[in-house]
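Work through the exercises below with the sequence and the structure open. Try each task before reading its solution.

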Amino acid sequence: MTNIGVFDSGLGGLTVLQKLIKTNKANYYYFGDSLRAPYGNRDKDELIKFAEEIVDFLQDFDIDYYIIACNTLSVLASKHLSEKYKKKFYPITDAGIEAGKSFDGDYLVLGTKATINSHYYKNNIRNNSKVYEVAGIKLVDYIEDGMIHGYELDKALGEYLEIANKQKIENIILACTHYPIITDAIKKNLTYKANIIDPADYLKLDLPENEDSSVNIFMSKIDPSTEKIIKNLIDCDYNLEEKEL
């Protein structure tokens with residue numbers, strides 16, 4: 001049986017896990033670091049340390065492949081992790097770039113401060129499109145706190161989507177795995193119809209055939225809003241455990 005480790009700064013990577021479960025049978029071991037979220041405002045050395053701690057924990061489950069569901073860790077730590085652990089790591093940003101090859105028109109990349117500052121998407125989407133970048137600085141905090149709709153979220157999204165509404169940007173890449181959780185709120189705050197792209201839809205794994213699946217979710221912090229979001233996202237049996245690193 002194939003064992004897959006999936007990790008993220010918190011709840012966001014569950015949007016990736018949700019889609020993996022439906023397309024690939026395997027034993028899944030997910031770690032979400034909600035206690036230390038958001039990651040997007042931290043420095044590279046600290047984030048690499050966090051990533052190592054998570055991988056060290058997941059190694060106990062004899063992981064065959066790792067999915068870096070966090071865009072921030074994908075752009076800052078994927079090379080380091082691959083070299084240190086000698087395992088296959090799939091960064092979600094690779095799927096995002098693949099998505100960026102698929103559509104006509106310009107792009108807005110909506111991500112964390114670290115992802116946007118890396119200009120990873122802007123530097124790698126090469127199809128003669130104009131690529132705009134916006135850091136949704138408050139969004140991860142809101143989502144981790146269970147605020148997935150309401151006035152404060154709408155106010156922040158109105159600011160972050162201002163350039164999209166002004167320029168009528170055709171494609172919006174959700175360059176943070178937390179953001180698909182608020183897709184409805186994003187659509188609500190657009191004044192036009194845009195193509196909203198979730199990179200997880202373009203994550204392709206080359207895995208052997210497996211007959212069954214299991215889902216094990218570890219979170220560094222669990223509260224009622226966390227449990228509610230997990231229940232809404234993961235529509236199969238799963239084990240949930242709080243585990244502080």
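**Exercise 1: a helix and its surroundings**

What covers the buried residues of helix H1 includes strand E1 (3-8), strand E2 (27-32), strand E3 (65-68), helix H4 (92-99), strand E9 (214-219) and helix H11 (224-233). The model is a predicted one.

Task: Work out which residues of H1 are buried, and why H1 is described as largely enclosed.

Solution.
Step 1. Apply the cut-off: a residue is buried if its relative accessible area is under 20%.
Step 2. List the residues of H1 that pass: Leu 14, Thr 15, Val 16, Leu 17, Gln 18, Leu 20 and Ile 21.
Step 3. Helix H1 covers residues 14-23, and seven of these ten are buried, so the rest of the structure largely encloses the helix.

**Exercise 2: a sheet**

Task: Find the order of the strands in the open sheet of four, and state which are the edge strands.

Solution.
Step 1. Read across the sheet: the order is E6-E5-E7-E8, and the pairing is parallel.
Step 2. Strand E6 (131-135) and strand E8 (195-197) each pair on one side only, which makes them the edge strands.
Step 3. From one strand to the next, the twist averages 20 degrees.
Step 4. Look at one pair: E7 (residues 171-175) and E8 run parallel and are joined by three bridges. Here Ile 172 is opposite Ile 196 of E8.

**Exercise 3: a pocket**

Task: Describe the lining of the largest pocket by residue type.

Solution.
Step 1. The volume of the largest pocket is about 200 Å³.
Step 2. Its lining residues include Ile 148, His 149, Asp 184 and Leu 233.
Step 3. Sorted by type, the lining has seven nonpolar residues, three polar and one charged.
Step 4. Helix H10 (183-188) and H11 each contribute at least two lining residues.

Methods
Residues numbered from 1 in each chain as written. Predicted model: local features only at pLDDT ≥ 70, side-chain atom pairs only at ≥ 80, totals over all residues. Heavy atoms only, no water. Pairing = 2+ DSSP bridges. Axes fitted to C-alpha atoms, helices over the stretch in contact; angles between N-to-C directions. Buried < 20%, exposed > 50% of the residue type's maximum accessible area, 1.4 Å probe, protein only. Contact = heavy atoms within 4.5 Å. 1 Å grid on protein atoms, 1.4 Å probe; cavity = no way out; pocket = protein on both sides within 12 Å on 5 of 7 lines; lining within 4 Å. Points joined across faces, edges and corners; volume = space filled by probe spheres on them. Nonpolar A, V, L, I, M, F, W, Y, C, P; charged D, E, K, R; others polar.
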